[in-house]
2 protein chains.
Amino acid sequence: MAEDGAHIAMVEDSGTWRFPASAPLRLDSGGEIAGLEIAWRSFGTLNADRSNAVLICHALTLDQHVAGTHPVSGKPGWWSLLVGPGKPLDPDRHFILCANVIGGCMGSTGPASINPATGQPYGLSFPVITIADMVRAQAMLVEAMGIETLFAVVGGSMGGMQVLQWAADYPERLFAAVCVASAARHSAQNIAFHEVGRQAIMADPDWRGGDYVRAGVRPDKGLAVARMAAHITYLSEGALQRKFGRELRRDGLSWGFDADFQVESYLRYQGASFVDRFDANSYLYITRAMDYFDMAAPHGGVLAEAFRKARDVRFCVLSFTSDWLYPTPESRDIVRALNAAGARASFMEIESDKGHDAFLLDEPVMLSALRGFFEAAAAARGLK
Amino acid sequence: MAEDGAHIAMVEDSGTWRFPASAPLRLDSGGEIAGLEIAWRSFGTLNADRSNAVLICHALTLDQHVAGTHPVSGKPGWWSLLVGPGKPLDPDRHFILCANVIGGCMGSTGPASINPATGQPYGLSFPVITIADMVRAQAMLVEAMGIETLFAVVGGSMGGMQVLQWAADYPERLFAAVCVASAARHSAQNIAFHEVGRQAIMADPDWRGGDYVRAGVRPDKGLAVARMAAHITYLSEGALQRKFGRELRRDGLSWGFDADFQVESYLRYQGASFVDRFDANSYLYITRAMDYFDMAAPHGGVLAEAFRKARDVRFCVLSFTSDWLYPTPESRDIVRALNAAGARASFMEIESDKGHDAFLLDEPVMLSALRGFFEAAAAARGLK
């Protein structure tokens, strides 16, 4: 494949994996999801010895459309800077897979799905899920696809949480792990921001106790407010100041409550466009999964214990200086625990003023660090 | 008065000053408020030469009940650590005055007041106001009370903005100025958080386009969400982590959307109790005034120009290390501008992990710094 270095088209595929009712997803809550569906998308070709598979785990409001063109928005996939011909993850060399998380709203089973037991949308009867449940579903998909071992599991933000959970739960099934701008547990401040978003959604009368799908309405106003509050946390104060400062939308103040400032209309746009692509109950369930996330908790608070079987996994942990949602000390805690567990961990804090969103943006240091990490891991793995 | 050092009772007074229709408050917007009312509270006695008056300016959701007992909550006034017998501002020595800002909801004219022109509550027909308008109203009150010169004007957060505006607009009428945990302009991030709160209120169907008073309903859910979002910004990440961490309310997770974590129930309580004491439209108007605040704007962006007549005022500027709403660089900008204007400015950044709320809390360094500042100013002023 492309041994002459010529540019070749990405081989793309996508689909929805439907598991039989006899193979339900078992959940941390004790419940299960029967008739599980997982929507996925892939780039590149699995090689003959099935050793070149990379699983990408997505963040809270993203989806399986990590590269290529997004089918709804028509925009490039959310990590096109990382995934594509000539990019650090290259479909010419890797089989790159991304799946919509369970609880999501882009094709995988979630609260807007039809509950096979009732024939009605789940709504709030959907079980509360965890990051480990998301990972368990991904492991079922990967196994069903005949992939015994992943070359790498990669993710940022909530995707990074899934990466850590993969390393804890299936260390023998991954060779390398990349965790960007993430944490091993959700902090009080992060829980607090999520709770504001959930309360905004649940305060919207069109939420209807979670049963809005059947009622034919949508809690768009509440969901937009939730998105606006969250969006502020994805940017740094410096980025907001540099991007918008106190710039007005037009000459002079309106002396009213229209959007006077650029930053106001930007936020309103973020809220309004989000509701077109996301489901309010999915927002509740996925934020809850993140809040529940605490990898050290099942091990008496000792995070290193979570990784004690992962000492053969090669880790890369990255953080950004201006990320106040998952600040660098959270990444350092992960690295310290990995070291204590005897695992090999590279760590880099990257200078950036773009805040948490930096992991999705053109950050040359991040991209070159990941390129170097994947190349070294490929050499160690004997991948071409 | 108390020259023997004995503890004497505070002399307290309170009232509402009603200005005749012939003396309207002129507004930055070009409009005016006729029949202005200002609710005030005072502690101590004005001395014979009327030189011991201290005006305290309150923050966004506070009121004139700076000391003594709050008439609604029954709790101590919000700055009882600063104001009281033996405290840095002592009713035995100072005449301490605090007035509810215009636009507020504790007795001064605001959007819930009756518009004398219509006999109906103002609602959104209340004019948009500015920090300078609030200060102009205070200046009318102080003048009406026969106080020509204030010994000091003191405030934190939005109160600090009013202090700076006082120094800019009435430099000859104050001797000293204390600005704590504040800024000379509202940043993009702060505007963004306010906009989230306003959108949450306006998304509540019970807001009724601002006309909820007449409709006999209240947008409590929206206002509670606004308060929850704002409340996070008043605390530091460290304070939230230390105070709550990931502590659960009961043993084990609920696997639902009840408040599992202490921080969730704390925030819900903050939201629920806030709506009992605050008016949603007041929240819109006062946040708008803060967003519009930019002291350098009328001076071509040169903040020092705003203070060029204030060189005889003695300033004390304080910030807190963990305040991310009004971080130290904002205070440094003020101090630099004061220095450039030739004013005398003391500045101290106080080590605290309590975030923005530190200015209301028992921060011994703040309290002793203020005591020292007031004593030195009193000596310079020839006050006993």
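Buried area is the accessible area (1.4 Å probe) that two parts lose on being put together, summed over both. I note that the size of an interface is often given in this way, as the accessible area lost when the parts come together.

**Entry 1: basis.** I worked from a predicted model, in which local features need pLDDT of at least 70 and side-chain atom pairs count only at pLDDT 80 or more, while totals for chains, interfaces and linings use all residues. Side-chain values use heavy atoms, without hydrogens and water; residues are numbered from 1 along each chain as its sequence is written, and chains are lettered from A in the order in which they are written.

**Entry 2: the domains of chain A.** I looked up the division of chain A and found domain 1 (12–186 + 296–381) and domain 2 (190–287), with bounds from an automatic or database domain assignment. The C-alpha centres of the two domains of chain A lie 26 Å apart. To their contact (heavy atoms within 4.5 Å), domain 1 gives 29 residues and domain 2 gives 28 residues. I recorded about 2,600 Å² buried between these domains, 63% of it on carbon and sulfur atoms.

Entry 3: I found 1 salt bridge between domain 1 and domain 2 of chain A, where a salt bridge is a side-chain nitrogen of Lys or Arg within 4 Å of a carboxyl oxygen of Asp or Glu. A:Asp353 forms a salt bridge with A:Arg242, and their closest N and O atoms are 2.1 Å apart.

**Entry 4: chain A against chain B.** I then turned to the two chains, where 54 residues of chain A are in contact with 54 residues of chain B. They bury about 4,800 Å² between them, and carbon and sulfur atoms give 69% of that area. In chain A, the residues that lose the most area to chain B are A:Arg246, A:Trp255 and A:Phe257, together 18% of what that side buries. I noted 10 salt bridges across the interface of chain A and chain B. B:Glu264 and A:Arg288 meet through their side chains in a salt bridge at 2.7 Å, N to O.
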